[in-house]
Amino acid sequence: MPVSVDQGSLFERLDADAPPRRTRSRQDIAIARVQAIKRHLELILNSRRGCSQSSPTLGLQDFNDAAIGSADLLLQVSQDIRESVAAFEPRIKVVRVQARPEPMQPLDLNFRLDCLVDVASAEEKMEIDLVIHRADRYARVV
């Protein structure tokens, strides 16, 4: 966990091309924080449960055997997303996970996460769109 709420991960702070913290405005810090959260969510949601020996509950479970489009699957994936984010991303609190079918891409799973994020010592509402592509099963945070 970073020492200060406006710092990124250790590797982000070691980036030589990153602007010095002293020259960043509050808005820049808030934007960087939200971007860091989104990158971390992609890492969490692209991990598969049981594949990490040090943290066996990290990631989503395997839904390969489930029928795409069933209401039970969407509820199960929504619950799994909520539990994974709650366990591994302490900077946000997920209020609601809502499945949002996309008529133009019926094989992809689309979700909206309604979250509360602490930004600049104030709790802000944030919506995060998540797409799990059927072709490569990769979760992308939009």
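Visitor: What makes Arg49 and Asp80 a salt bridge?
Guide: This is a predicted model, and in it the closest N and O atoms of Arg49 and Asp80 are 2.6 Å apart. The cut-off for a salt bridge is 4 Å between a side-chain nitrogen of Lys or Arg and a carboxyl oxygen of Asp or Glu, so the name applies.

Visitor: Which parts of the chain does this pair link?
Guide: Distant ones: Arg49 sits in the loop between H2 and H3, while Asp80 belongs to helix H3, 31 residues apart.

Visitor: Why is Asp80 called buried?
Guide: Its relative accessible area is 2%, and buried means under 20%, so Asp80 qualifies.

Visitor: And why does Arg49 count as partly exposed?
Guide: Arg49 has 32% relative accessibility.

Visitor: How many salt bridges does the structure hold?
Guide: Five. One of them joins Arg91 and Glu89, with the closest N and O atoms 2.8 Å apart. Both of these residues are buried; for Arg91 the relative accessible area is 18%, which is under the 20% limit.

Visitor: Where is Arg91, and what does Arg91 touch?
Guide: Arg91 lies in the loop between helix H3 (71-88) and S1. Among the residues Arg91 touches, leaving aside those up to four places away in sequence, are Arg33, His40 and Val117. Val117 is also the bridge partner of Ile92 in S2.

Visitor: How do you know that S1 and S2 are paired?
Guide: They share seven bridges in the antiparallel sense, and at least two are needed, so they count as a pair. They belong to an open sheet of four strands in the order S1-S2-S3-S4.

Visitor: What makes S1 and S4 edge strands?
Guide: S1 (92-99) and S4 (139-141) each have a single partner strand, so one side of each has no neighbour in the sheet.

Methods: Residues numbered from 1 in each chain as written. Predicted model: local features only at pLDDT ≥ 70, side-chain atom pairs only at ≥ 80, totals over all residues. Heavy atoms only, no water. Buried < 20%, exposed > 50% of the residue type's maximum accessible area, 1.4 Å probe, protein only. Contact = heavy atoms within 4.5 Å.
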